[in-house]
Amino acid sequence: MLKVTLIKSPIASLPKHKATVAALGLRKVGQTVTKPDNAAIRGQLFAVKHMVKVEEVNE
């Protein structure tokens, strides 16, 4: 599992990046969500790596 936290606002970013952040379920700066560790999620995170902080969680 991956713990994803939004650390930078997507307001001034590209529309594609805004959509990716929304698809990850992140709405507010500082909000954290837990996502499964798979290739699709890793690809989304790579696209917005400058806006999120990612930590691995062992469950």
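I shall speak about the sheet, then the helix beside it, and then the core.

This is a predicted model, in which local features need pLDDT of at least 70 and side-chain atom pairs count only at pLDDT 80 or more, while totals for chains, interfaces and linings use all residues. Residues are numbered from 1 along each chain as its sequence is written, and side-chain values use heavy atoms, with hydrogens and water left out.

In what order do the strands of the sheet lie? Three strands form an open, antiparallel sheet in the order S2-S1-S3. Strands here are DSSP runs of E with at least two residues, and helices are runs of H or I with at least four, numbered from the N terminus. Strands S2 (32-35) and S3 (52-56) are at the edges with a single partner strand each, so one side of each has no neighbour in the sheet. S1 and S3 pair over five bridges; pairing requires at least two DSSP bridges between two strands. In this pair, Leu2 stands opposite Glu56 of S3.

Helix H2 lies across S1, S2 and S3, at about 25 degrees to S1. Such angles run from 0 to 180 degrees between N-to-C directions, with axes fitted to C-alpha atoms, for helices over the stretch in contact.

The largest nonpolar core has twelve residues, among them Leu2, Val4, Ile41 and Val52. S1 (2-6) and H2 (39-47) each supply at least two of its residues, and S1 gives the most, with three. A nonpolar core joins buried Ala, Val, Leu, Ile, Met, Phe, Trp, Tyr and Cys residues through side-chain atoms within 4.5 Å, buried being under 20% relative accessible area with a 1.4 Å probe, protein chains only.

Methods: Buried < 20%, exposed > 50% of the residue type's maximum accessible area, 1.4 Å probe, protein only. Contact = heavy atoms within 4.5 Å.
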